[in-house]
Amino acid sequence: MAKLTVKDLNVRGKRVFLRVDYNVPLEEKDGQMVITDATRIVETLPTLRFLLEQGGKLILAAHLGRPKGKREPSMSLRPVAAKLADLLGRPVAFVDDCIGEKVEKTAGALKPGDLLLLENVRYYNEEEANDPAFAEKLARVADVYVNDAFGAAHRAHASTEGVARVVARRGGPCAAGLLMERELKFLGEELEKPARPFVVILGGAKVSDKIQVIDRLLEKADALLIGGAMAYTFRLAQGHQTGKSLVEPDKTEVAKAALAKAKQRGVKFLLPTDDVVAVPVKTDKLDKKGKPVIDYQNVRVSTDLNCPADAAGLDIGPGTVKAYAAEVAAARTILWNGPMGLFEDKRFAEGTNAIARAVADVTQTHGAKSIIGGGDSVKALNKARLGDKVTFMSTGGGASLEFLEGRVLPGVAALSEK
Ligand code: 3PG
Ligand code: MG
C-alpha cells in the first residue's frame, strides 16, 4: 500500500482527528443500551494505544446506526465511550456533539495521551451529504487526520472523506490507522498473488450482492464454492425447480454468465449437490423488525436437484459439505464471505459450521492463509468459537465487498500517498 500510515507520523502534542467505525450492535437492557459485540472497538485498540504512546491528543469521530440527521437517543455513542474507557483502562472524555464550541473547547484542553470521543456524526444530515462547510467544522479540531474506519470507507461522507480533504489542503497529513492498514493488506495485497490453490467460498442470500465479486474473483481463484440461498438462483439458471427457496429469477442470466466465464477460464465452480430443505410456514408472531416469523417444518436432506414444490432449501447438505471441505483442505489461500445457509437457526447451521471448521483446520494444521470477508461469516465463526483460528477477519461488511469487487473506497482514496 502506498498510503501514509500512523507509523509515518509524528503526532506528539498534535490533535489527531481519528475516524473509527464504532457502528456496533446495541440492545436495550433494563432501559440501558448495551453493546452486544465490541469487536469493532477492540480492533481499533492497537491504533489508539500507538497514537496515545506517541503523545497524540486523540479526537475520535464515528457514526452509529442510521439516525438520518436526528438526535436519536438510542444511537448515541455514549455507551461506546464507557466501553472504550473499560477496554483501555483510562478515562475517555465524551462530548454530546461532534462540532461546535464545546467540542473545540474540550479538544483544546486535551493533553498529549488524552482521548475524546465525539457524539454520532450522523446526527447531522451534512455528514452523509459530505457537506463541505460541515467538513470544515469537523476539521477545526484536526491537525492530523487518521482513518481507521475500514468498515465505513466505502462511504464518501464528511468524516470519512471531506475532513481528510480539508486537512490535506492545509498541508496536514492524512494517514491510515493500523486496522485500516491490516484490512487493506489482507483483503487487497494478500489476494493479489495468493499461494495456490486459492479457494473462494461465497454464500449469502443474493447473487445480486455478490455478482461483481464473483466476476472479479473468477480471474484470480482456482475454485469457487457457492452456498447460501444464492446457490438456488444458479439452480434455476440450470433449469431446475427451486420450490419455495429464495431465488432472484431476474438474475439467472448473470448466473449463467458466471458459469460460462468459470468454464472458459478453467476455474472450478462448485454448486451444492444436496440440500437441507424444509417447509416454510408463516406464523402470527412478528420478529423485531415487524415481519412475520417463519416456522420451518419437515426439515430433511434432499439429494434431488429439483427442490420439492412446498419446500425451501436452507443449508447445503452433507454431500456438499464433504466436497467443499475437501477443496478447503487442499487450499493454501482461502477467502470466505457469506454463510452457507440460514445459520441463525441451528437446524440449518451445520453447513456453515462445517465450513468454518474446515477453514480453521487447514489454517491451523497446514498453515493456509484464511481471510474472512466480514459480515455474517465472521458472526458464524465467532458463534462457532473459531474466530481466533483463522488468519484474518474483516471488520467491514459492505466495505469489504466493495473492496473485493476492486472498487476504490473513497475513505482510502482521500488518504495521503507515502
Ligand atoms: C457498516 O456497519 O456497514 C458500516 O459501519 C457502515 O454503515 P452504513 O452501512 O450505515 O453506512
Ligand atoms: Mg452497511
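Q: Where is lysine 68?
A: Lysine 68 sits in the loop that runs between strand E4 (57-61) and H3. Keep in mind that this is a predicted model.

Q: What is phi of lysine 68?
A: Phi of lysine 68 is near 55 degrees, which is a positive value in a residue other than glycine.

Q: And asparagine 130, what about its phi?
A: Asparagine 130 is not a glycine, yet its phi is positive, at about 50 degrees.

Q: Which loop is asparagine 130 in?
A: The loop between helix H5 (125-128) and helix H6 (132-138) holds asparagine 130.

Q: Staying with the backbone, which residues does the cis peptide bond join?
A: The cis bond is between arginine 196 and proline 197, with omega about 5 degrees. Proline 197 belongs to the loop between helix H8 (178-192) and strand E9 (198-202).

Q: Switching to the ligand. Which residues surround ligand 1?
A: Around ligand 1 are Asp21, Asn23, Arg40, His63, Arg66, Arg122, Gly151 and Arg155.

Q: How far is the side chain of arginine 155 from an oxygen atom of ligand 1?
A: An N or O atom in the side chain of arginine 155 is 2.5 Å from an oxygen atom of ligand 1.

Q: What about arginine 122 and histidine 63?
A: For arginine 122, a polar side-chain atom lies 2.8 Å from a ligand 1 oxygen atom. For histidine 63, a polar side-chain atom is 3.1 Å from an oxygen atom of ligand 1.

Q: On to helix packing. At what angle do the axes of H2 and H3 cross?
A: Helix H2 (residues 45-53) and helix H3 (residues 78-88) cross at roughly 70 degrees, and their axes come within 12 Å. An angle of 65 to 115 degrees counts as roughly perpendicular, so H2 is roughly perpendicular to H3.

Q: Is that crossing left-handed or right-handed?
A: H2 and H3 make a right-handed crossing.

Q: Which residues meet there?
A: From H2 there are Leu45, Leu48 and Arg49, and these meet Leu84, Leu87 and Leu88 of H3. The residues of this contact of H2 with H3 are five nonpolar and one charged, with no polar ones.

Q: What does H9 do with H10, in angle and distance?
A: Helix H9 (residues 207-217) packs against helix H10 (residues 230-237) at an angle of about 85 degrees, and the axes are 9 Å apart. That makes H9 roughly perpendicular to H10.

Q: Which residues make that contact?
A: H9 contributes Val207, Lys210 and Ile214, while H10 contributes Met230, Thr233 and Phe234. By class, the contact of H9 with H10 has four nonpolar residues, one polar and one charged.

Q: Last pair, H12 and H13. How are their axes placed?
A: The axes of helix H12 (residues 318-329) and helix H13 (residues 350-366) come within 9 Å, crossing at roughly 20 degrees. Angles under 35 degrees count as roughly parallel, so H12 and H13 are roughly parallel to each other.

Q: Left-handed or right-handed for H12 passing H13?
A: H12 passes H13 in a right-handed crossing.

Q: Which residues are in that contact, and how do they divide by class?
A: On H12 they are Val321, Tyr324, Ala325, Val328 and Ala329. On H13 they are Gly351, Ala354, Ile355, Ala358, Val359 and Val362. The contact of H12 with H13 has 10 nonpolar residues, one polar and no charged.

Methods
Residues are numbered from 1 along each chain as its sequence is written. Chains are lettered from A and ligands numbered from 1 in the order in which they are written. This is a predicted model: local features need pLDDT of at least 70, side-chain atom pairs count only at pLDDT 80 or more; totals for chains, interfaces and linings use all residues. Side-chain values use heavy atoms; hydrogens and water are left out. Axes are lines fitted to C-alpha atoms, for helices over the stretch in contact, and angles run from 0 to 180 degrees between N-to-C directions. Helices (H or I, at least four residues) and strands (E, at least two) are DSSP runs, numbered from the N terminus. Angles under 35 degrees count as roughly parallel, over 145 as roughly antiparallel, 65 to 115 as roughly perpendicular and the rest as oblique. A crossing is left-handed if the near helix is turned anticlockwise from the far one by less than a right angle, and right-handed if clockwise. Contact means heavy atoms within 4.5 Å. Ala, Val, Leu, Ile, Met, Phe, Trp, Tyr, Cys and Pro count as nonpolar, Asp, Glu, Lys and Arg as charged, and the others, Gly among them, as polar. A residue is near a molecule or strand if one of its heavy atoms lies within 4 Å of it. A polar contact is a pair of N or O atoms within 3.5 Å; within protein, one must be able to donate a hydrogen and the other to accept it, and residues adjacent in sequence count only if both atoms are side-chain atoms.
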